[in-house]
Amino acid sequence: MMMLGSLIEKTFGRSLRQSAFDATRLGRAAIALPAPNGLTVPAACAAVLVDRSGHSRRLAAGARIAVHDGESAWCVHPGPYACELLPFAGAPELGLRVSFAIDASDPRATHQRFDLYLASEAACSVELAAFTDQLQNTLQRELAQGILDLPPCTTLEEWHAFRSGFNQLMYTRFGITVDDCVPVDLGATRDYAATLQARHAAQQQAASEVAAPAAAVQEAALPEAFVPACEDARALRRLFLELPALMCATRMAVLPGDGARFRQQQEMLRRLDLVCLSVGTMPALALAAPGQPLAQDEQVRRARHSRRAAAALDEAWALLARLKIAGEGPLDELFEEGERVVANLENETAARRLASVPLDEEPA
Amino acid sequence: MIIPRDEARCASIASDGGRVTVTATRRPRAGRADVKCSVPGAPQLAAQMQQVVRLARHTEARFDSRDQVVLSLDRLPAGGERDWELAAVLADRMVRGVVTLREPVVANGWSDAWHLGRIDGRMLPGAPAGVLLGGADALAHLGALNGQPDPGAAVSSARAWFPLHSGGEADGLGWVEVSVRPLDGDGDGDGDGDDDAVSAPDLDAVRQAQVRTVLAGARHFDGRGAAGWRTTVRFGEARFSGDSYQFALVMADRIARGREFLARGRVIATGRSSAWHAGRVETVDALAAKCALIAREAAAGDRVLLPKEWEAGLPPGLRADLRARGASLACVERIGII
């Protein structure tokens, strides 16, 4: 964890120092800001303190933040916040206007989901714009997989089914409660015709720049720069902190109906436990063996597997959301889906451990 | 709802006129590679095929690490030939239930951007019937199999399907494709002003006028896009009678202009209207025959849209049957958001 900490500091340190605490941004452009030690928690806000192992505690407004050794503190404004989400990248003029709030402390839960989010995913401040992007990605992924459904000419009944799935997903994945969500016409702000025109212009330009393709490629690659060390550290941190919480929630989400289901659930938890163990003992990205550096392309490969494992973790949260509202419903289907997600986690973490990919195994 | 199977085949026409068949089989992964390819006597080509299939998988939303797909070519294509690429990608998807296609499938196409789902072209000359052709003038990207617009293209085209029913052998689903691009400033200087904003080159004059009226009405209802688009409408089968295609046309237009939620599969719609400007969907004939046709043709992810008046007369079990297959059905009175 020391290594992780120093890495994150290296990556985000600059922005950490730059952003002095500005309470007026809270509740508007920022959801959570790192709070300096000794600060009195502003009215309407709460402080979340997270220690190195991801355990969190909250302080109410008016309290003075006293950071224990190794803790980081944030000030969180519960909202409400408003944002616009695009459910389909291919339909840019049709969106959802969502208003949400950060969940107040739930006395039933031992671990607040939003606090876990802060501990595991928030490197520094949580800005509303970036958070909205994350919500949107999550929504788009679920829709693309057909887990949530928002088909053409959605009927009222289908809309209600979507809403209950969406609300639960947002609560389970991010710890936010969705107060309101309505479809809106975004035509006035996101003009599809202009997007198409821009694409056309870009293609024309690319065609005329065939003479210097290398430069164009480099430019195009910039926005998606993939820094293996950062990606890997971020993904592993998420897995390390979130898997235990996920297992705990999964254990509670399903009331074992009969022996077979109970055994199925136990088996799944056992496998998740092994994934946890594997993540906790993950070899360092840059080392093939102690004191022996790993080639750069193998590091990229390892980081890709970490990222895919984190994607499987997202799917696991989404699945948990479905389990919570399933009741006596399609449990067979959900457990089958769970098998797939756990298998993906196992597969990616195992591949992340390898220092190199073995050449193709058998000839047949 | 994904229904994988154990084996799928997809053929491709080789340059010598014969067929190359890709066979995909699915088996438990057991710690092996996710995709394994074999081509008799050409390990290099097998590696290339593995690369193609892996890249194409980047456009899929769902990943299952429990299966290994084994792909094999039945014979060695001529050197430099690449039209088998599309067949390999489709066979890989069919065996895992990602796409459902009417078999037997013959497909020709290659791409340098499989990771974007784009299909750049084909080497096959001409356009033989029954062959799925890749390329900008035919199947331009993988999502187009379900009628969805290419998220990276400057021209947005979408398809919707409608039941063609005449009581004969030729009954099936027809498609209508709407392609839109912004009217002004596309910079190619070919004199947009003279062009009609909506063109439907394959249709007769009466039908063309009807298509224009329908689109004008539906876009008026929308409040946006009445002007500003150059639109091309194409039909898979241009010779048909009746006006039950209108609803499908309107849906394809809305999807192409980015103003409608998307289905994972195809949109299959039937309905007409005398008042598209009010967004109303009115009933059409042949409920029983069209429902039977839809029940036969619908695949996982498809969205079936019927006029509201049909709701009471739907064959019992149609809804449940479609749902069991992963498709969904709605009877709608009005287009638009909910």
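Two strands pair if DSSP finds at least two bridges between them. With that in hand, let us work through some exercises.

This is a predicted model, in which local features need pLDDT of at least 70, side-chain atom pairs count only at pLDDT 80 or more, and totals for chains, interfaces and linings use all residues. Residues are numbered from 1 along each chain as its sequence is written, while chains are lettered from A and ligands numbered from 1 in the order in which they are written.

**Exercise 1. Find the bridge partner of A:Val48, and place its strand in the sheet.**

Step 1. Helices (H or I, at least four residues) and strands (E, at least two) are DSSP runs, numbered from the N terminus. Strand β2 of chain A covers residues 46-50 and β4 of chain A covers residues 72-76; five bridges join these antiparallel strands.

Step 2. The partner of A:Val48 is A:Trp74, in β4(A).

Step 3. Now widen the view: the strand order in this open, antiparallel sheet of five strands in chain A is β3-β2-β4-β1-β7. At its edges lie β3 (56-59) and β7 (126-127) of chain A, each pairing on one side only.

Step 4. α2(A) lies across β1 (30-34), β2, β3 and β4 of chain A, and runs at about 50° to β2(A).

**Exercise 2. Describe how α9 and α10 of chain A pack.**

Step 1. Two packed helices are described by the angle between their axes and the distance between the axes. Here axes are lines fitted to C-alpha atoms, for helices over the stretch in contact, and angles run from 0 to 180 degrees between N-to-C directions.

Step 2. The axes of α9 (residues 296-326) and α10 (residues 331-353) of chain A come within 8 Å and cross at roughly 160°. α9(A) and α10(A) are therefore roughly antiparallel (under 35 degrees counts as roughly parallel, over 145 as roughly antiparallel, 65 to 115 as roughly perpendicular and the rest as oblique).

Step 3. The crossing of α9(A) and α10(A) is left-handed, meaning that the near helix is turned anticlockwise from the far one by less than a right angle; clockwise would be right-handed.

Step 4. Contact requires C-beta atoms, placed from the backbone, within 7 Å. The residues of α9(A) that meet α10(A) include A:Ala309, A:Ala312 and A:Leu319, and those on the α10(A) side include A:Leu334, A:Val341 and A:Leu345.

Step 5. Sorting the residues of this contact between α9(A) and α10(A) gives 11 nonpolar, five polar and seven charged. (Ala, Val, Leu, Ile, Met, Phe, Trp, Tyr, Cys and Pro count as nonpolar, Asp, Glu, Lys and Arg as charged, and the others, Gly among them, as polar.)

**Exercise 3. Which elements of chain B touch chain A?**

Step 1. The contact takes 40 residues from chain B and 36 residues from chain A.

Step 2. β8 (172-182), β12 (303-307) and β13 (328-332) of chain B are the elements giving two or more residues to the side that touches chain A. β13(B) gives the most, with three residues.

Technical notes: Two residues are in contact if their C-beta atoms, placed from the backbone, lie within 7 Å.
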